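The sequence and coordinates come first.

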Amino acid sequence: MIVLELIYEFFLTGLFAFGGGLATLPFLYDMGARTGWFTNEDILRMIAVSESTPGALGVNMATYVGILTFGVAGGIIASLALVLPSLITILIVIKVLDKFKTSPKVRAVFYLLRPATIALIVMALLSVAKVTFFTVDLKEINSFASFFSSVNYKTLILAALLFIPITKSKLHPIIFIAISAVIGIIFRL
Amino acid sequence: MKELFELFVSFMKIGAFTFGGGYAMLPMFQKELIESKKWITDEEMMDYYAISQCTPGVIAVNTSTFVGYKVKGVWGAIVATLGVIIPSIVIITLIFSILAEFSDSQIVMHAFGGIRACVCALILSSIIKIGKKAIVDKLTLCVFILVTLFSLFVNFPVVIIIVAFGLLGFGLSYTKAFKNKFKEGIRE
């Protein structure tokens, strides 16, 4: 009954992985070692693929592992099993929150959580920026000279040029992403 | 029915064009959900993110469930969640079956060099827009700086940061200054 096992494993992962896609990785390594469904190399390969495909890393991983173990149906089942705990938890949280939404205490909590959330998004931006604007791992940089020689100026210029139109125009982000992909191919970024 | 369909299409778009996981969805959420459809406000968006970080599961999915529920109840939540994950499932399945060499191809690599640069500019622009609504006084500025420094120099689980500041807010709500600030009904 590998299908039930698959559902069980991904349901548990979805239930206990806090903090997004990367948080599912330890669960996946453990799952691979216990069940033998996939190897550590499969996981690494999947991380690479996830970086160049849209969507949430966690869902991409679940789909991939599902396909490896049970074909296309497995991919669908594993993804659904992964998101089911989220769906249930969030629905419960909403019910509770709705009751206390206007309470001054809840508003005070979110008043402090909003700037904290912004800081975490800044961190996410920095981690994307590191791989986008530098050609080597930042840890390997030990002098000013090596800092300047490892900056990827092409991507930096593109981002700088895009920033003002993105901020000022009402165009959809999809349009900017499409244009950037074309520029990336033309200028070999 | 029409609203459910709109919800589904919006979240499919978001799922199909977000590169880099939950946080990178912010610019898409902002355009689709806040500016175009006006389903939620900037403040609600930040609150959903905060909760999504300390509840289990993928952040992108959690946030989508929230917005879906806000627009059309439980069915809205289900439709939004399915919408945001379907592109992933389809694309990964395609790559697995027909485009095995996809991620190694030179053209794809160059395209992604461009896309990543764009994603950085998009996220920065979103942060500036939404940050103005979050960092509104000295206290919130302090929280922002503190969490930034903390995440830069200490490798700390996000859940703990969120819970700690949540508790702090809860504690502060008993002080006089906060009581006046959040008197019931004033800001609603």
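## Contact between the chains

Two residues are in contact if their C-beta atoms, placed from the backbone, lie within 7 Å. By this criterion, the contact takes 93 residues from chain B and 79 residues from chain A. On the side of chain B that touches chain A, α6(B) supplies the largest share, 22 residues. That side divides into 60 nonpolar, 26 polar and seven charged residues; Ala, Val, Leu, Ile, Met, Phe, Trp, Tyr, Cys and Pro count as nonpolar, Asp, Glu, Lys and Arg as charged, and the others, Gly among them, as polar.

## Basis of the model

This is a predicted model, in which local features need pLDDT of at least 70 and side-chain atom pairs count only at pLDDT 80 or more, while totals for chains, interfaces and linings use all residues. Residues are numbered from 1 along each chain as its sequence is written, and chains are lettered from A and ligands numbered from 1 in the order in which they are written.

## Chain B

Chain B has nine helices and zero strands; helices (H or I, at least four residues) and strands (E, at least two) are DSSP runs, numbered from the N terminus. Its C-alpha trace spans about 65 × 45 × 25 Å along the principal axes.

Of the 188 residues of chain B, 51% count as buried. A residue is buried if 20 or more other C-beta atoms lie within 10 Å of its own, exposed if 12 or fewer, and partly exposed in between, with C-beta atoms placed from the backbone. Among contacts in chain B with a separation of 6 or more, 57% come from residues 24 or more positions apart.

## Nonpolar core

A nonpolar core is a set of buried Ala, Val, Leu, Ile, Met, Phe, Trp, Tyr and Cys residues joined through C-beta atoms within 7 Å. The largest has 112 residues, of which A:A116, B:C118, B:A121 and B:I123 touch the most other members. Helix α5 (residues 59-97) of chain B gives this core its largest share, 18 residues.

Leaving out residues up to four places away in sequence, A:A116 touches B:V143, B:V147, B:I161, B:I162 and B:F165.

## Helix α7 of chain A

Helix α7 (residues 153-168) of chain A has 16 residues and should span 22 Å at 1.5 Å a residue; its end C-alpha atoms are 24 Å apart, which agrees. The expected span is 1.5 Å times one less than the number of residues.

The buried residues of α7(A) are A:T155, A:L158, A:A159, A:L162 and A:I166. Their cover includes α5 (104-133) and α8 (173-186) of chain A together with α6 (106-134) of chain B.
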